[in-house]
Amino acid sequence: MYTAVIFYFSGTGNTWWVADKIKRQLDAKNINASAVSIDTLTPKKADWWIKTADLVMLGWPVYGSDLPEPVKRFIDALPKSEKGKHVHVFCTQMGFSGDGAYVAHKRLKGKRLIIDTADHFIMPSNLSMSHGFFATPDEHKIKRIVGSAEKHVEQYVERLLSGRVRIKGRYSCILGILQRWPYRLYRKKARNLVGVDASRCTRCGLCAELCPMNNITIKDIPEFAGNCAQCLRCYSFCPTSAITYYGHVRDEKKHGKPYFVPDKHFTPSSLIK
Ligand SMILES: Cc1cc2nc3c(=O)[nH]c(=O)nc-3n(C[C@H](O)[C@H](O)[C@H](O)COP(=O)(O)O)c2cc1C
Ligand code: SF4
Ligand code: SF4
């Protein structure tokens, strides 16, 4: 039987959602597909999937037109593919990234993984710790964006199976660089932007369990190792909104709950299992 693996990294569920929808579409076409969070993989296990699956996909959320740190680490830890393999990459984004998926091509090529297709899925903004232009869209807008993404997934799977090549962003690297370089400078500072309001924290440990960078240790209260990748898991899923960003605690009366993908099958643990 034809098999497919969709590796994904996701902070607030959008990329999980796209990976899950691709899996369901492929299953409906009698392709045995698995969506696998990179949080659950050792390099050896990932290599096994790459060797055995007929179709290999990898998806992530765009951060400043760049790869999230956990995705960089995942690719860098892979052994070089013995025979080489063609792979399909995609990213999710709220608007624009230039070459947000194709940006991985050099890293992947170093592992003899050659990009066959690259695509960008527009999903709602998860930057819900920001306001104004970057604020989370309202419920109607979220519904509309997710509806369009659902159609995009259908077209994506059709294109994939028909063997049509589409490398979105291949010639937009200049536009990507214009976002990437300032973001990379900002990243250094951003490693320390999360914190905790001890008066709100119940020491439940969820933030530490979800963190893909092992940046959080629960001592008396959560302590941070200065290694944040800005995935927003701790901020978005803390049950008491105790995680601070830029030193500010979330004002839920004013800004509502933080964003995560609106899907009844989704729970924070979907990201790490
Ligand atoms: C730190 C950070 C940087 C981001 N940068 C971009 C960007 O450059 N372009 C864009 O369109 N969306 C950007 N976004 C929005 C996310 O890529 C988008 O909402 C994505 O679908 C989130 O996926 P996830 O829920 O799987 O984490 C950014 C989000 C974060 C947290
Ligand atoms: S998830 Fe929130 S309440 Fe739980 S330990 Fe972390 S900061 Fe505290
Ligand atoms: S500290 Fe929070 S935002 Fe930073 S990488 Fe860990 S879970 Fe993500």
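What percentage of the 273 residues of the protein chain counts as buried? The figure is 40%. Buried means 20 or more other C-beta atoms within 10 Å of the residue's own, exposed means 12 or fewer, and partly exposed lies in between, with C-beta atoms placed from the backbone.

This is a predicted model, in which local features need pLDDT of at least 70, side-chain atom pairs count only at pLDDT 80 or more, and totals for chains, interfaces and linings use all residues. Residues are numbered from 1 along each chain as its sequence is written, while chains are lettered from A and ligands numbered from 1 in the order in which they are written.

**Stop 1: the whole chain**

Show the protein chain as a cartoon. It has 9 helices and 9 strands. These are DSSP runs, numbered from the N terminus: helices are H or I with at least four residues, strands are E with at least two. The radius of gyration is 18 Å, close to the 19 Å that the globule rule gives for 273 residues, so the chain is as compact as a globular protein of that length. That radius is taken over C-alpha atoms, and the rule is 2.2 Å times the number of residues to the power 0.38. The C-alpha trace spans about 55 × 40 × 35 Å along its principal axes.

Now consider contacts, meaning pairs of residues whose C-beta atoms, placed from the backbone, lie within 7 Å. Among those in the chain with a separation of 6 or more, 76% join residues 24 or more positions apart.

**Stop 2: two domains**

Colour 3-178 as domain 1 and 192-255 as domain 2. These bounds come from an automatic or database domain assignment. Their centres, taken over C-alpha atoms, are 26 Å apart. Domain 1 gives 10 residues to the contact and domain 2 gives 11.

**Stop 3: helix α5**

Select residues 139-162. At 1.5 Å a residue, the 24 residues of α5 should span 34 Å, and the end C-alpha atoms are 35 Å apart, which agrees. The expected span is 1.5 Å times one less than the number of residues. Show Val 153, Tyr 156, Val 157 and Leu 160, which are buried. The buried residues of α5 pack against α1 (14-28), β4 (85-93) and β5 (113-122). Next comes Gly 163, with a positive phi near 80°.

**Stop 4: Ala 118**

Move to strand β5 and pick Ala 118. Is Ala 118 buried or exposed? Ala 118 is buried, because 23 other C-beta atoms lie within 10 Å. Leaving aside neighbours within four places in sequence, its contacts include Val 89, Phe 90, Ala 101 and Ile 167. Draw a C-alpha distance to Val 165: 8.6 Å, across 47 residues of chain.

**Stop 5: the ligands**

A residue is near a molecule if its C-beta atom, placed from the backbone, lies within 6 Å of it. Ala, Val, Leu, Ile, Met, Phe, Trp, Tyr, Cys and Pro count as nonpolar, Asp, Glu, Lys and Arg as charged, and the others, Gly among them, as polar.

- Ligand 2: 15 residues surround it, the closest being Cys 201, Cys 204, Cys 207, Cys 238 and Ala 242. The shell has 11 nonpolar, 3 polar and 1 charged.
- Ligand 3: of 15 residues, Cys 211, Cys 228, Cys 231, Arg 233 and Cys 234 come nearest. Helix α8 (residues 233-237) gives the most, with 3. The shell has 12 nonpolar, 2 polar and 1 charged.

How values were computed:
Contact = placed C-beta atoms within 7 Å.
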